[in-house]
Amino acid sequence: MVDHAWDFGDNTAVVHAVSTGHTYARAGTYTARLTVTDSLGATMASTVVVTAN
């Protein structure tokens, strides 16, 4: 099993899904992070800076 954990950087709950969408409640700059964990426990993460207007 592979787990996909999305953290959108705005104190919302982490979503565990392959793909998802997110709407920010306030304008600002956020760091979103996706962490993927495989069935052996190995993890890989990627981050992106998002600017919401």
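Helices (H or I, at least four residues) and strands (E, at least two) are DSSP runs, numbered from the N terminus. This is a predicted model, where local features need pLDDT of at least 70 and side-chain atom pairs count only at pLDDT 80 or more, while totals for chains, interfaces and linings use all residues. Residues are numbered from 1 along each chain as its sequence is written, and side-chain values use heavy atoms, with hydrogens and water left out.

View 1. Starting at the N terminus, the elements go β-β-β-β. Along the principal axes, the C-alpha atoms fill a box of roughly 40 × 15 × 15 Å. Of the 53 residues, 15% count as buried (under 20% relative accessible area; exposed is over 50%, partly exposed in between, with a 1.4 Å probe and protein chains only). The chain exposes about 3,900 Å², 55% of it from carbon and sulfur atoms; areas like this come from the Shrake-Rupley method with a 1.4 Å probe, and for residues only the protein chains shown count as cover.

**View 2. Asp 38, in the loop between β3 (28-37) and β4 (43-52).** Asp 38 sits at 33% relative accessible area, so it's partly exposed. Its side chain reaches over to the backbone nitrogen of Leu 40 at 2.9 Å. Skip the neighbours within four places in sequence, and Asp 38 is in contact (heavy atoms within 4.5 Å) with Met 1 and Val 2. Met 1 is 37 residues away from Asp 38 in sequence, yet their C-alpha atoms are 6.3 Å apart.

**View 3. The largest nonpolar core, made of Phe 8, Tyr 24, Tyr 30, Ala 32 and Ala 52.** A nonpolar core here is a set of buried Ala, Val, Leu, Ile, Met, Phe, Trp, Tyr and Cys residues joined through side-chain atoms within 4.5 Å. Ala 32 touches quite a list beyond four places in sequence, including Phe 8, Tyr 24, Val 48 and Val 50.

**View 4. The two aromatic pairs of the structure.** Trp 6 and Phe 8 have ring centres 6.4 Å apart and planes at 10°, so they're stacked. For rings of Phe, Tyr and Trp (its six-membered ring), pairing takes centres within 6.5 Å; planes under 30 degrees apart are stacked, over 60 edge-to-face, and the rest tilted. Phe 8 is buried, at 8% relative accessible area. Tyr 24 and Tyr 30 are stacked too, because their ring centres are 4.3 Å apart with planes at 15°. Tyr 24 counts as buried at 17%, and Tyr 30 is buried at 13%.

Technical notes. A polar contact is a pair of N or O atoms within 3.5 Å; within protein, one must be able to donate a hydrogen and the other to accept it, and residues adjacent in sequence count only if both atoms are side-chain atoms.
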